[in-house]
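My notes follow in the order I worked.

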Amino acid sequence: MSAVPNIAVRLFAAVFFAAVPAGAFAQLDARAVLRAQQRGEDTSLYGTNPYENDAEAEGEQPDSTRKTRRIRKPLESYFFDDSVRALPNFRWHVRQDYNRIAVGPLDTTLTDFRIDYPFYRQDVGDMAQGALGQTSLPLNYFRRPQSFDFSFAEPYYAYTANMENVSFYNTKRPLIRMEYIESGQKRYREENFGIMLAQNISPTTGFNVDYKARGTRGQYIWSRTKNHNLSVAFNHTGKRYSVHAAYYNNRIEQQENGGVVGAWAIVDTTFQHPSGVPMKLADSEARNLYRNNAFFITQSYGIPLQRMTDSDFSMAGLTAVYIGHSFQYSSWSKVYTDVRAFYTDDRDHRDENGDFASASHSYYDDWFINPQQSRDSLYERVISNRFFVQAQPWDRNGVVGTIDAGVGIDLHTYSQFGMDDYLSGRHRRTSRTSYFAYGSVAGKIRKYVDWDADIRFYPSGYRGGDLEIGAHLALTGYLRRRPLILEGRFSMSRRSPSFWQENLFSNHYVWSSPLSKENETRFEVRFSVPDFAFEAGAWQGVVGSRIYYGPDSRIAQHGGNVGLTSVYARKDFRLGGLHLDNRVLLQWSTNQEVVPVPLLSAYLSYYYEFWVVRDVLRLQIGLDGRYHTRYMAPGYNPALSAFYNQREVEVGNYPYVDAFAMAKWKRMRIFLKYQHVNQGLFGNGEYFAVAGYPLNPGMFKIGISWGFYD
C-alpha cells in the first residue's frame with residue numbers, strides 16, 4: 001500500500017472519529033459485539049483510536065520515541081442506558097434511600113423559558129405571596145410538600161436546595177451556563193441571577209457548582225427578599241463503584257409587611273407607586289432570616305454474581321448485588337424579629353351613618369415574652385444514616401429488575417428559647433431518634449410495562465408506628481409508533497406530627513400538646529400521549545386527623561376525614577407556528593375549612609414561534625394567563641412562616657396576564673416580558689392569590705441566558 005493512500009485513510013479516520021460523539025459508540029449491543037468478535041471484527045467501544053499510532057497495524061515500524069496515548073474509558077455505569085449515554089449532556093438527581101437515580105436532559109430550548117418564577121412551572125402553578133423569592137403553595141393539593149424536615153422553610157420549597165433536587169451532570173465538554181433577569185426601577189428592582197459550571201474529569205467522574213441569587217427590593221413597602229442557594233457536587237459513576245456527594249447552602253432573608261390593611265387599598269384606591277399601599281407590618285421592622293447548611297454522600301459498590309467478560313459493557317445485564325450507604329447532615333435555623341407597632345385601617349367598618357370609619361389594630365394579639373419587641377430563634381438539625389442492599393436477580397431492566405432493602409436512623413435535634421432561657425441566654429435543646437426499615441421492588445417488561453412498590457416502617461423511636469406504602473404501574477402501548485401511556489399510583493401513609501406542631505414557644509404563639517397521627521390514602525390515574533402534547537389525570541385522596549393552622553394561626557387538628565378530588569388536563573395545540581397551550585385543574589374538598597382549594601384553576605399560554613433566520617435566530621411572541629375561581633384562600637403568617645386557613649375574605653376570579661417575547665440566538669436565550677399587562681384593563685381589580693398579599697403590579701423584565709461549551 002502506497003504512503004499517500006495510507007495517509008488519506010488515517011486522515012479520514014481521524015476526522016471521522018473526532019466528529020462522532022463518544023456516546024454514540026456506547027450504544028453497541030452486547031450480543032452484537034459478541035457476534036462481531038466471532039467474525040473477527042474490531043469490537044472496541046471506540047473502534048480504532050485515531051490518537052494511537054496505527055503504523056504497526058499497517059506493517060510499518062512504530063516510532064518508539066512517541067508515547068502511546070491511553071484509551072479513554074467510556075461511561076460504563078449501570079445507571080444509564082444507551083439512549084442516555086448518547087446524549088451530549090445530561091443531568092440527574094440521586095435517591096437517598098435507594099441505589100437509583102432520576103435522569104433528565106438539560107433544557108436549552110425556549111420551552112417554558114418565559115416562566116421565570118420557579119413555582120409556576122408545574123401544572124397550573126402556585127398561590128404566591130407576590131414577588132420573586134417569596135413564599136408560595138401549590139394550588140394542586142396533591143403536589144404540596146409532605147415531608148419537610150424544617151417546616152418553617154416549607155413555603156420556600158421552590159427555591160431551596162435539598163438532597164433530592166441537587167443536580168449531577170455528565171458533559172462531553174465543560175459547560176457554563178449563566179442567566180440574569182431584572183425588572184423595575186433600581187430602587188424596587190427584582191433580580192434573578194444564576195450560574196452553573198459542570199465539567200467531567202473523565203466519562204465517569206465529574207463535578208459541578210450551581211449558584212442562584214433571586215429576590216426583590218420590593219415593589220410594595222417593606223417587602224425586600226434575598227434568596228441565595230449554592231450547591232457544590234461531585235459524582236463518580238463507575239462500572240462497579242459509584243459515589244454522589246454534595247454540599248449545599250440556603251440563605252433566605254425576607255422583610256415581612258403582613259399584607260395590605262384591606263383589599264380596598266388595591267381595588268378602590270390609586271397610589272402613585274405600589275410602595276404607597278398601606279401594609280399591616282410596615283412600621284414593625286418585621287423580618288425573617290433562614291440559614292441552612294447541609295452535606296450528603298451516597299455510595300454503592302456492585303458485586304457481580306456472574307463472570308464479567310469483555311462483551312459486558314456494564315453490570316446492568318448481569319445478576320448482581322449492590323451494597324451501599326447514605327449519610328446526610330442538615331441544619332436549619334430561623335430568626336424572626338419585630339417591634340410592636342399598630343396599623344390603621346381607614347375602612348375598618350361603617351358608622352351609624354353608613355360612612356367608613358377607621359380603627360387601629362396590632363397584627364399580633366399576644367406578646368408572651370417581651371411586650372415591645374420579638375426575637376424568636378429556632379434551630380433544627382438532622383443527621384441521617386442509611387445502609388442498603390440492592391439485589392439484581394437477572395437484568396436491571398427485567399421483569400423483577402431490582403429488590404431493595406435498607407435500615408436507617410435519623411438523629412433530630414431541636415432548639416428554641418423558653419421563658420427561663422431568656423434569663424440564662426441559653427437555648428433549650430431536645431433530641432429525638434427515629435429508627436426505620438424500608439424496602440422496594442421494581443421491574444419492567446421490555447418497553448411496555450414499568451412497575452414498582454415500596455414500604456417504610458418505623459418500629460420504634462421518635463416516629464414509632466409510622467408507615468408508608470406506595471405502588472406504581474405504567475403501561476405503554478404504541479399507535480403508529482407513538483407511545484400511549486397509562487399510569488396508576490397508590491400510596492398510604494401514617495405520619496407523626498412534627499416537633500414544631502406539638503411544641504412551640506415564641507413571643508406571639510405558644511403551644512405544647514400531643515397530637516394524633518395523620519392518616520392519608522391516595523389514588524392517582526394518568527393518561528398521556530407525549531407526541532400529541534396531551535395529558536389527563538385524576539387524584540382521589542382521603543386524609544384523617546388533618547393537622548393545619550386554623551383561622552387564628554394556631555395549630556388545629558380535625559377529628560374526622562376529609563375527601564379530596566382533583567382532575568387535571570393538559571393539551572397543547574399547534575397550528576403551524578401558532579401554539580395554544582392549555583392546563584386546567586378542577587378540585588373538590590369535602591371540608592373547605594380544613595383543606596381549602598379553588599374549584600377551577602387554569603394556566604393558558606398562547607404564542608407564535610418561528611425562525612427569523614433559519615437555524616440561527618428563533619422567536620417566540622405571545623401571552624401567558626393564570627386564573628382561579630374565588631374561594632377562602634389561605635393567609636400567610638410571618639411569625640410562623642406558615643399558611644393558615646383564614647375565613648374572612650375570598651380571593652380569586654382575577655386573570656393575571658403576561659405578554660412576552662423570547663428569542664434563541666445560537667446558544668443565547670433572550671428574555672423580554674411585561675408582567676401583569678392587564679392591570680387596570682380588565683378583571684375585578686383584586687389581584688390576590690394569597691389572602692391579603694397582592695401580586696406584583698405591571699412591570700417590564702429583560703434578561704439573558706447563555707451557555708458556553710469549551
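**Second largest pocket**

I began with the second largest pocket and found 37 residues in its lining. K280, Y343, Y363, Y644 and E648 lie nearest its centre. I am working from a predicted model, and I read every entry here that way.

β13 has the largest share, with three residues.

Next I noted the volume of the second largest pocket, about 920 Å³. I sorted its lining by class and got 15 nonpolar, 11 polar and 11 charged residues.

**Cavities**

How many cavities of 30 Å³ or more does the structure hold? I count seven.

I took the largest cavity, with a volume of about 180 Å³. Its lining has 17 residues, and R626, Y627, H628, A689 and L695 are the closest to its centre. The elements that give two or more residues to this lining are β29 (600–613), β30 (617–628) and β35 (688–690). β30 supplies the largest share, three residues. By class, I logged 11 nonpolar, four polar and two charged residues for the largest cavity.

I moved to the second largest cavity, which has a volume of about 130 Å³. I found 17 residues lining this cavity. Nearest its centre are Q129, Q134, Y220, S223 and N257. Two or more lining residues come from each of β10 (241–255) and β36 (693–694). How does the lining of the second largest cavity divide by class? I wrote down six nonpolar, 11 polar and no charged residues.

**A sheet of three strands**

I turned to an open sheet of three strands and read its order as β2-β1-β5, with antiparallel pairing. Which strands are at the edges? They are β2 (101–105) and β5 (168–171), and each pairs on one side only. Neighbouring strands of this sheet are turned by 25 degrees against each other on average, direction ignored.

I checked how strand β1 (residues 89–94) is joined to β2. The two run antiparallel, with five bridges between them. I looked up H93 as well, and its bridge partner in β2 is A102.

**Recap**

For the second largest pocket, I keep 11 charged residues in the lining. For the largest cavity, I keep two charged residues. For the second largest cavity, I keep no charged residues. For the sheet, I keep the order β2-β1-β5.

Key. Residues are numbered from 1 along each chain as its sequence is written. This is a predicted model: local features need pLDDT of at least 70, side-chain atom pairs count only at pLDDT 80 or more; totals for chains, interfaces and linings use all residues. Side-chain values use heavy atoms; hydrogens and water are left out. On a 1 Å grid over the protein atoms alone, a cavity is a set of points where a 1.4 Å probe fits but cannot get out, and a pocket is an open set with protein on both sides within 12 Å along at least five of seven lines; lining residues have an atom within 4 Å of a point. Grid points are joined across faces, edges and corners, and a volume is the space filled by probe spheres set on the points. Helices (H or I, at least four residues) and strands (E, at least two) are DSSP runs, numbered from the N terminus. Ala, Val, Leu, Ile, Met, Phe, Trp, Tyr, Cys and Pro count as nonpolar, Asp, Glu, Lys and Arg as charged, and the others, Gly among them, as polar. Two strands pair if DSSP finds at least two bridges between them. Axes are lines fitted to C-alpha atoms, for helices over the stretch in contact, and angles run from 0 to 180 degrees between N-to-C directions.
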